[in-house]
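Here is a short report for a reader new to this structure. Look at the sequence and the model first, then read on.

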Amino acid sequence: MTAELTNRRTALATGALAIGAVAAVAACDTEDGADSAPAGTTGAAPEPGDGALAQLGDIEVGGAIKTEGADGAEIIISRPSETEVVAFSATCTHQGCKVQPEEAELHCPCHGSAFDKQTGAVRNGPATEPLPEVAVRIDGERVVPA
């Protein structure tokens with residue numbers, strides 16, 4: 001076999017590997033894959049222009065939803081009681097993947113970290129830092145920035 005043919009085959013094989021690697025990384029990209037959240041974890045869209053982050057009725061007591069914060073970043077809003085809401089950044093403190101509300105915790109699909117839904121505290125690593133809190137409050141039937 002000639003050197004030119006060997007180099008062409010090597011180049012084609014390397015290119016195929018590179019394309020496969022890009023596809024694998026894209027499949028793991030949680031920025032674009034956030035739409036695959038479990039059912040019931042994304043709140044209804046607030047009314048346009050009213051400043052609401054979520055409607056209070058869309059969050060069950062003891063539950064949580066993922067929505068967009070005032071700055072456009074994804075946040076988790078939890079409702080510990082009828083009259084209380086808390087919110088956290090949806091960005092995992094380990095490597096920046098987006099956490100999802102699941103049962104009593106917020107789970108990171110990338111590396112398995114788990115956070116307390118009501119406090120943002122780490123329950124299971126590899127994350128070592130809690131989720132940053134986002135200031136919110138109840139205004140009538142809406143959850144708004146505090």
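## The disulfide

Start with two cysteines. Cys97 and Cys110 are joined by a disulfide, with an S to S distance of 2.1 Å. The model is a predicted one. The structure holds one disulfide. Such a link is a covalent bond between the sulfur atoms of two cysteines.

The torsion about their S-S bond is about -105 degrees, so the disulfide is left-handed. Cys97 has a relative accessible area of 10% and is buried. Cys110 reaches 28% relative accessibility and counts as partly exposed.

A disulfide needs the two sulfur atoms within 2.5 Å. Cys108 is in no disulfide, and its nearest cysteine sulfur is that of Cys92.

Both residues are covered. Cys92 is buried, at a relative accessible area of 3%. Cys108 is buried too, at 5%. Leaving out residues up to four places away in sequence, Cys108 touches Cys92, Cys97, Val99 and Ser113. One of these, Cys97, belongs to the disulfide.

## Nonpolar cores

Which residues touch the most other members of the largest nonpolar core? They are Ile76, Cys92, Val99, Leu106, Cys108, Phe115 and Leu131. The core has 13 residues.

## Asp116 in strand β7

Now turn to a charged side chain. Asp116 lies in strand β7, which covers residues 114-116. Is Asp116 buried or exposed? Its relative accessibility is 13%, so Asp116 counts as buried; the limit for buried is under 20%.

A polar atom of the Asp116 side chain is 2.7 Å from the backbone nitrogen of Gln118. Beyond its neighbours within four places in sequence, Asp116 is in contact with Leu106, Ala121 and Arg123.

Strand β10 (residues 136-139) and strand β11 (residues 142-145) run antiparallel and are joined by four bridges. Val136 stands opposite Pro145 in β11. Arg137 has Val144 of β11 as its bridge partner. β10 and β11 form a hairpin, with two residues between them. Gly140, in the turn, has a positive phi of about 70 degrees.

β11 has another partner. Strand β1 (residues 54-55) pairs with β11 over two bridges, again in the antiparallel sense. Ala54 stands opposite Val143 in β11.

Glu103 lies in the loop between β5 and β6. Its relative accessible area is 76%, so Glu103 is exposed.

## The whole chain

How many helices and strands does the chain have? There is one helix, and there are 11 strands. Along the sequence the pattern is α-β-β-β-β-β-β-β-β-β-β-β.

The chain has 146 residues, and 33% of them count as buried. Its accessible surface comes to about 8400 Å². Carbon and sulfur atoms account for 54% of that surface. Take contacts between residues at least 6 apart in sequence: 42% of these join residues at least 24 apart.

Note on methods: Residues numbered from 1 in each chain as written. Predicted model: local features only at pLDDT ≥ 70, side-chain atom pairs only at ≥ 80, totals over all residues. Heavy atoms only, no water. Buried < 20%, exposed > 50% of the residue type's maximum accessible area, 1.4 Å probe, protein only. Polar contact = N/O pair within 3.5 Å; in protein donor to acceptor, adjacent residues only side chain to side chain. Contact = heavy atoms within 4.5 Å. Core = buried A, V, L, I, M, F, W, Y, C linked by side-chain atoms within 4.5 Å. Areas by Shrake-Rupley, 256 points an atom, 1.4 Å probe, with all protein chains shown as cover. Pairing = 2+ DSSP bridges.
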